[in-house]
Amino acid sequence: MTDGLNHLRPRFADRLLTWFDQHGRHDLPWQHPRTPYRVWLSEIMLQQTQVATVVPYFQRFVARFPDLPCLAAAQRDDVLALWAGLGYYSRARNLHAAAQRCVEEHAGRLPDDIDALCSLPGIGRSTAAAILSQAFDRPAAILDGNVKRVLCRLLAIEQWPGLPAVEKQLWQVAEALMGDIRPADYTQAIMDFGATLCRRSRPDCGHCPFRSDCLAFAQSRVAEVPTARPKRELPRRHCVVVLLQDADQHLLLQRRDGPGVWNGLWSLPEFSDLDAADAFLLQFGARALESELPAVDHSFSHYHLQLRPRVARVPHRVNERSGDYSETACFSGMRWCSRGDIAKLGLPAPIRRLVATHLIDPAN
């Protein structure tokens, strides 16, 4: 690696910045204005999510929570509602918790110290470096997925970048290549380079300013480097969800608390099988309108989930007082919600689609 790095290091940052000035992304919403809060928010949203997906979420989020103290003072439901559909909901929970920590410990501002940033929920080494470089214009090397791929190809490091030994090596390379000129632009440049030119598939080697230095290109192995993450068989889980409405078309929802990817979100009451779901419905005198509806498949990073929906109606009106089960042990965290309520709550994307598809028309 040393020989390749010594060959690559001279003027690497200069050439990358020249490419960025001509071909980089200069009009992303978090760049205008580029404040620590907006940079931090964008970095969290961009974790495992593409720019095109993030942009509308970012714009809605900063319209509602324009600065860090505003986010810290928000209700968790409001934060999760704006995040709903973006996935990886722990990011939103950590973002909210980190904002509250900043109010308590840093006078309502993001700290400009790498260790203090890394101590905040949801901020790791690479994200902290991205904040330092882009928000405070300090040289701090990052190592996100795009950067790992670029460095692996330049030096023909073929192993999967997630291996600890490989990641350690890549951190050394990232730090050696970064200069101290225009840190904010350098960081954006190397992310853009990986996202738009040195892509995972169909990289545009013909327009690469480092083609003559790239060892993977010289070896005709660009498509093979780096090695993909080892595949593993994901477990499958099944559950029944109940769409229960009263005569006024209020829907029964339950807040998900405890461990799990949907923690803090509102969802449909969930059961292990149809018998358990039907026993629950009997407590309301509810009538199932459909015995079987198409199952809904949804995949997470670590398992596949199949939802079997059960649609039912309570044949009478449930007023707010009698329908609030938040203090009742057997109906913990449940509440009846109107269509307007549902629109303001954070629901997982597959649950929101189910609700939109199967809410019962009161005329039927």
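Analyst: The account below takes the annotated domain, then the cavities, the pockets and some individual residues.

This is a predicted model, in which local features need pLDDT of at least 70, side-chain atom pairs count only at pLDDT 80 or more, and totals for chains, interfaces and linings use all residues. Residues are numbered from 1 along each chain as its sequence is written, and side-chain values use heavy atoms, with hydrogens and water left out.

The unreviewed UniProt entry carries the annotation "domain: HhH-GPD" for residues 45-196; its positions are given in the numbering used here, its feature names are shortened, and annotations may be inferred rather than shown by experiment. Over residues 45-196 the chain is 66% helix and 0% strand, where helices (H or I, at least four residues) and strands (E, at least two) are DSSP runs numbered from the N terminus. The end C-alpha atoms of this stretch are 18 Å apart.

The spaces were found on a 1 Å grid over the protein atoms alone: a cavity is a set of points where a 1.4 Å probe fits but cannot get out, whereas a pocket is an open set with protein on both sides within 12 Å along at least five of seven lines, and lining residues have an atom within 4 Å of a point. Grid points are joined across faces, edges and corners, and a volume is the space filled by probe spheres set on the points.

Three cavities of 30 Å³ or more are present. The largest cavity holds about 130 Å³ of space. Its lining consists of 14 residues, and those nearest its centre are Arg-153, Cys-198, Cys-205, Cys-208 and Cys-214. Helices α10 (145-155) and α12 (183-197) each give at least two residues to this lining, and α10 provides the largest share, three residues. The lining of the largest cavity comprises 11 nonpolar, no polar and three charged residues; here Ala, Val, Leu, Ile, Met, Phe, Trp, Tyr, Cys and Pro count as nonpolar, Asp, Glu, Lys and Arg as charged, and the others, Gly among them, as polar.

The second largest cavity contains about 40 Å³ of space. Among the residues lining it are Ala-141, Val-147, Leu-151, Leu-177 and Ile-190. Two or more residues of this lining come from each of α10, α11 (164-177) and α12. By class, the lining of the second largest cavity has nine nonpolar, no polar and no charged residues.

Helix α10 also contains Lys-148. Lys-148 is buried, with a relative accessible area of 17%, where buried means under 20%, exposed over 50%, and partly exposed in between (1.4 Å probe, protein chains only). The Lys-148 side chain makes a polar contact with the side chain of Glu-167 at 3.0 Å; such a contact is a pair of N or O atoms within 3.5 Å, within protein one must be able to donate a hydrogen and the other to accept it, and residues adjacent in sequence count only if both atoms are side-chain atoms. Beyond its neighbours within four places in sequence, Lys-148 is in contact (heavy atoms within 4.5 Å) with Leu-143, Pro-161, Glu-167 and Leu-170.

The open spaces come next. The largest pocket has a volume of about 1,800 Å³. Of the 49 residues that line the largest pocket, Gln-48, Gly-145, Asn-146, Arg-149 and Arg-200 lie nearest its centre. Helices α9 (125-136), α10 and α12 each contribute at least two lining residues. The lining of the largest pocket divides into 20 nonpolar, 17 polar and 12 charged residues.

The volume of the second largest pocket is about 400 Å³. Its lining has 22 residues, and Gly-87, Tyr-88, Tyr-89, Val-261 and Phe-300 are the closest to its centre. At least two residues each are supplied by α7 (90-105), β6 (296-299) and α16 (349-358). Nine nonpolar, 10 polar and three charged residues make up the lining of the second largest pocket.

Tyr-88 lies in the loop between α6 (76-83) and α7. Tyr-88 is partly exposed, with a relative accessible area of 40%, and its phi is near 50°, a positive value in a residue other than glycine. Most residues other than glycine have a negative phi, and most peptide bonds are trans. A cis peptide bond joins His-32 and Pro-33, with omega about -5°.
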